[in-house]
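I open this notebook to record what I looked up in one structure. The entries follow the order in which I consulted it.

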Amino acid sequence: MAKDPNAQRQKTAFNVAVKELKKAMIAVSNASLETYLSRLSPSNTSDHNLWKAARYSNHQQRSVPPLSSVDGDWLRTDQQKAHAFANHLQEVFSPWNSKSCSSENKTPGYDLITGKVLRELSPKCLTLLRYIYNAVLRLQYFPNQWKVSEIILILKPGKKSEEVASYRPISLLPSLFKVLEKLLLTRIKSIMDNMKLIPNHQFGFRSGHSAVQQIHRVVEYIGEGLERKSCTAAFLDFCFAFDRVWHA
């Protein structure tokens, strides 16, 4: 089959244009970097520009791809993308209707307090922190600031980057809250196990219970139902399984 010469010329021109565009983008980036480096100063009035430059060079910058809206329009500005993600997360995190439901290398939260910072606290700071934790239990009051989470969006593997639903929301809670949560868990876990407060089919957020084991359990139940001829079909939907919260 003969190739269209016009199409071949257009393809060649397109490839040349792409190469020229890449060269121009690299040149602009290098020029911007040279201008930024030339303005650096070690003085105290420079807002620690040298430290910022070193931190910038050690972190790889990722370009944010454009997104498409529900109507098919392209969202390019940060404000448009923020509104699109806000609308999407509002739908994803909507609570279940109770009537329809049956009976160290951790990223810090918005306060930027990491586990390493907590490990470096002095004995006096640890004593004050213990007072706060004991006050939470004694007064039965949880600080509102520890309930604030920073949500980041991570692209799911193999998903289209231009679709809003392709991003997985990750909630980053303050480290002080997570430490208190761990302390409470170590004290009530044995009580819950002895009293069997958690049903056996509950696998989420439990140590030693993986999704693979839960899948094997479901497949086993389906096989037993087919053998007893009490199961003719099974429909499973794991879409946004952990994004919705059931309110009793």
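**Entry 1. A residue between two helices**

I began with L112, which lies in the loop between α3 (78–92) and α4 (115–119). Helices here are DSSP runs of H or I with at least four residues, strands are runs of E with at least two, and both are numbered from the N terminus. I read the phi of L112 as near 65°, a positive value in a residue other than glycine. Most residues other than glycine have a negative phi. I then looked up the accessibility of L112 and found 63% relative accessible area, which counts as exposed. The classes are buried for under 20%, exposed for over 50% and partly exposed in between, with a 1.4 Å probe and protein chains only.

K196 is found in the loop between α6 and α7 (211–227), and at a relative accessible area of 72% K196 is exposed.

**Entry 2. Basis of the model**

I recorded that this is a predicted model, in which local features need pLDDT of at least 70, side-chain atom pairs count only at pLDDT 80 or more, and totals for chains, interfaces and linings use all residues. Residues are numbered from 1 along each chain as its sequence is written, and side-chain values use heavy atoms, with hydrogens and water left out.

I looked up the confidence next, given as pLDDT, the predictor's confidence in each residue from 0 to 100. The chain averages 77, and 76% of the residues score at least 70. Confidence is highest in helix α5 (residues 123–139), at a mean of 92, and lowest in helix α2 (residues 49–58), at 60. Over residues 96–103 pLDDT stays under 50, and for this stretch the model has 10 contacts beyond four places in sequence. A contact means heavy atoms within 4.5 Å.

**Entry 3. The chain as a whole**

I found 7 helices and 4 strands in the chain. Along the sequence their pattern is α-α-β-β-α-α-α-β-β-α-α. Of the 248 residues, 14% are buried. The accessible surface, from the Shrake-Rupley method with a 1.4 Å probe, comes to about 20900 Å², and 58% of that surface belongs to carbon and sulfur atoms.

**Entry 4. Salt bridges**

How many salt bridges does a search of the whole structure find? I recorded 2, where a salt bridge is a side-chain nitrogen of Lys or Arg within 4 Å of a carboxyl oxygen of Asp or Glu.

One joins K189 to D193, with the closest N and O atoms 3.1 Å apart. Both residues lie in helix α6 (residues 175–195), 4 residues apart, about one turn of the helix. K189 is partly exposed at 35% relative accessible area, and D193 is partly exposed at 39%.

Another is formed by the side chains of R228 and E224, at 4.0 Å from N to O. R228 is exposed, at 57%, whereas E224 is partly exposed, at 32%.

**Entry 5. Aromatic pairs**

I counted 4 aromatic pairs. Rings of Phe, Tyr and Trp (its six-membered ring) pair if their centres lie within 6.5 Å; planes under 30 degrees apart count as stacked, over 60 as edge-to-face and the rest as tilted.

The ring centres of F85 and Y167 are 5.3 Å apart and the planes stand at 85°, so this pair is edge-to-face. Both F85 and Y167 are buried.

F142 and F177 also form an edge-to-face pair, at 5.4 Å centre to centre and 80° between the planes. F142 lies in the loop between α5 and β3 (150–155) and F177 in helix α6, so the pair ties together parts that are 35 residues apart in sequence. F142 is partly exposed, at 25%, while F177 is buried, at 15%. I also noted that Y133, F142, W146 and F177 form one aromatic cluster.

**Entry 6. A buried serine**

Is S166 buried or exposed? At 3% relative accessibility, S166 counts as buried. S166 is found in the loop between β3 and β4 (167–172). Leaving aside neighbours within four places in sequence, I listed the contacts of S166 as I154, L155, K156, K159 and K160.
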